[in-house]
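Hi,

Here is the structure I promised to pass on.

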Amino acid sequence: MGFLFEDDNVALLRDGFLNTLALSAVSALLALLIGTVLAAFRVSPVPVLRAFGAAWVTVFRNTPLTLLFFAVFFGLPALDVHLSAFTFAVLALGAYTGSFVCEVLRSGINTVSLGQAEAARSLGMTFGQTLGLIVLPQAARSVLAPMSSVFIALPRNSAIAGAFSVGELYSAQAALSEKGYAIFAIFFWVALAYLFTSTCVALAFRFLENRLAVAR
């Protein structure tokens with residue numbers, strides 16, 4: 001496995017790893033934004049918003065991620081939307097992951113006592129204020145464990161971007177394989193990088209769970 005320590009190969013793996021981290025981080029932020037908005041739509045008193053939220057979740061959760069990448073990378077340019085490959089990948093990953101974030105948050109919202117929302121409305125708070133100040137903070141704290149599973153999977157899902165001209169770990173692995181290097185050695189280090197990333201995400205959520213735990 002000494003070839004991996006040659007300067008060019010180390011740089012290729014390093015850049016792929018850093019791009020995977022960047023792609024995952026930006027996509028996670030977009031997924032959180034989309035998921036939170038969709039969760040608000042799903043519990044909104046406005047029927048049109050509820051229908052939109054339900055339709056989004058149904059379509060994106062049941063669409064294979066690879067097919068979604070094809071739709072974004074080839075569909076948007078056909079509509080005269082031209083962005084970088086990285087941005088297209090973020091849009092695909094964010095839209096897909098956001099649908100899962102939505103459902104996790106919605107399950108957390110359903111655990112909050114209805115009486116709290118009614119009490120907030122009796123004090124004159126709007127739906128947005130009730131959701132943002134009373135319901136969502138409790139819902140988010142109660143779903144940290146299932147939410148961690150969604151974001152642990154995100155870096156691994158980002159590997160699909162490597163097949164669409166985005167330089168990340170998968171594309172680095174493909175480039176090294178084309179040079180004729182040992183497949184096992186390449187996959188070992190790439191898998192180790194994904195394992196490291198997933199472990200860091202899991203530890204971050206475990207820290208949040210312990211920090212926000214409610215004494216019972």
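This is a predicted model: local features need pLDDT of at least 70, side-chain atom pairs count only at pLDDT 80 or more; totals for chains, interfaces and linings use all residues.

Aspartate 15 counts as partly exposed, at 36% relative accessibility. For that scale, buried means under 20% relative accessible area, exposed means over 50%, and partly exposed is in between, with a 1.4 Å probe and protein chains only. The side chain of aspartate 15 meets that of arginine 14 in a salt bridge, 3.3 Å from N to O. Arginine 14 is partly exposed too, with a relative accessible area of 46%.

Residues are numbered from 1 along each chain as its sequence is written, and side-chain values use heavy atoms, leaving out hydrogens and water.

**Salt bridges**

Side chains of opposite charge can pair when their charged atoms come close. The rule used here asks for a side-chain nitrogen of Lys or Arg within 4 Å of a carboxyl oxygen of Asp or Glu, and it gives a count of 4 salt bridges.

Which residues are linked in a network of salt bridges? They are Arg42, Arg61, Glu103 and Arg106. Glutamate 103 pairs with arginine 61 at 3.9 Å, N to O. Glutamate 103 lies in helix H4 and arginine 61 in helix H2, so this pair ties together parts that are 42 residues apart in sequence. Glutamate 103 also forms a salt bridge with arginine 106, and there the closest N and O atoms are 3.0 Å apart. Arginine 106 and glutamate 103 are 3 residues apart in helix H4, which puts about one helical turn between them.

As for cover, glutamate 103 is buried, with a relative accessible area of 17%. Arginine 61 is partly exposed at 37% relative accessibility, and arginine 106 is partly exposed at 24%.

**The chain as a whole**

The protein chain has 9 helices and 0 strands; these are DSSP runs, numbered from the N terminus, with helices being H or I of at least four residues and strands being E of at least two. Along its principal axes, the C-alpha trace spans about 70 × 50 × 20 Å. Of the 216 residues, 38% count as buried. The chain exposes about 11700 Å², and carbon and sulfur atoms supply 68% of that; areas come from the Shrake-Rupley method with a 1.4 Å probe, and for residues only the protein chains shown count as cover.

If you look at contacts (heavy atoms within 4.5 Å), those between residues 24 or more positions apart make up 76% of the ones with a separation of 6 or more.

**H8 against H9**

Two packed helices are described by the angle between their axes and the distance between the axes. Helix H8 (residues 169–178) packs with helix H9 (residues 183–211) at an angle of about 170°, their axes 10 Å apart. The axes are lines fitted to C-alpha atoms, for helices over the stretch in contact, and angles run from 0 to 180 degrees between N-to-C directions.

Isoleucine 183 is partly exposed, with a relative accessible area of 42%.

**Around the H3–H4 loop**

Most residues other than glycine have a negative phi. Aspartate 80, though not a glycine, has a positive phi of about 65°. Where is aspartate 80 found? Aspartate 80 is in the loop between helix H3 (65–78) and H4, and is exposed, with a relative accessible area of 60%.

There is also a nonpolar patch on the surface, formed by Leu79, Val81, Leu83 and Leu91, with about 330 Å² of accessible area together. Patches are made of residues with over 30% relative accessible area and no salt bridge, joining like charges within 9 Å and nonpolar side chains (Val, Leu, Ile, Met, Phe, Trp, Tyr) within 5 Å. Leucine 91 is in helix H4 (residues 85–109) and is partly exposed, with a relative accessible area of 32%.

Cheers
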